[in-house]
Amino acid sequence: MQFNQSEFLCEVSVPKDELIVSRTDLKGIITFANDTFAQISGYEVDELIGQPHNIVRHPDMPKSTYKELWESLEEKGKWSGFVKNLRKDFSFYWVFAEISGVYKNAELVEYKSIRVPISFEDKVYYQKKYDEIRKQNGEYTRIISYEKPSS
Ligand SMILES: Cc1cc2nc3c(=O)[nH]c(=O)nc-3n(C[C@H](O)[C@H](O)[C@H](O)COP(=O)(O)O)c2cc1C
């Protein structure tokens, strides 16, 4: 999916005191979503279960970030990073995500992810960084700049 129009630029704030939690099978299909994840992504929990986690993939994110994510899960069993996600209504939210394995009798059975809000400065930094990576990799890029919110 690619966006060309400015109506896709609305940001939704991530609550500071709640964790956004989901779990997937080993292929990235959502098996659990908490209410906060449903709320922040704009979906009902039932709409998320059974869907691939790329249901919230934002087109501003570089492909290479997800390649690294899956490589890191395979090699180290964990990954963490800054992610811009897409809501059902096409607005977006930024999070810091930590993904790790869920083990049953020492066997890896699922992955779980916990996400928290990030600072304005981190959003600006990672938007620029991801714009640059996408440009370098010949991926479609729209340059986004953020205005500091008045507090
Ligand atoms: C536990 C877990 C959580 C994930 N959370 C997200 C997420 O919040 N947003 C996202 O875009 N991808 C997330 N992914 C990665 C997706 O599975 C997928 O690789 C990514 O969206 C890129 O999709 P694509 O390869 O179809 O372009 C997660 C993967 C796992 C295993």
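The shell around the ligand draws at least two residues from each of β1 (20-24), α3 (63-76), β3, β4 and β5 (107-116), with helices (H or I, at least four residues) and strands (E, at least two) taken as DSSP runs numbered from the N terminus. The model is a predicted one, in which local features need pLDDT of at least 70 and side-chain atom pairs count only at pLDDT 80 or more, while totals for chains, interfaces and linings use all residues. Residues are numbered from 1 along each chain as its sequence is written. The ligand is surrounded by 16 residues, the closest being Gly28, His53, Asn54, Arg57 and Ser113; a residue is near a molecule if its C-beta atom, placed from the backbone, lies within 6 Å of it. β5 gives the largest share of the shell, three residues.

Five strands make up an open antiparallel sheet in the order β2-β1-β5-β4-β3, two strands being paired if DSSP finds at least two bridges between them. β2 and β3 are at the edges with a single partner strand each, so one side of each has no neighbour in the sheet. β4 and β5 run antiparallel and are joined by nine bridges; glycine 101 lies opposite tyrosine 111 in β5.

The largest nonpolar core has 17 residues, and Ile20, Ala33, Phe37, Ile40, Leu48, Tyr93 and Val95 touch the most other members. Such a core is a set of buried Ala, Val, Leu, Ile, Met, Phe, Trp, Tyr and Cys residues joined through C-beta atoms within 7 Å, buried meaning that 20 or more other C-beta atoms lie within 10 Å of the residue's own, with C-beta atoms placed from the backbone. The largest share of this core, four residues, comes from β4.

How values were computed
A residue is buried if 20 or more other C-beta atoms lie within 10 Å of its own, exposed if 12 or fewer, and partly exposed in between; C-beta atoms are placed from the backbone.
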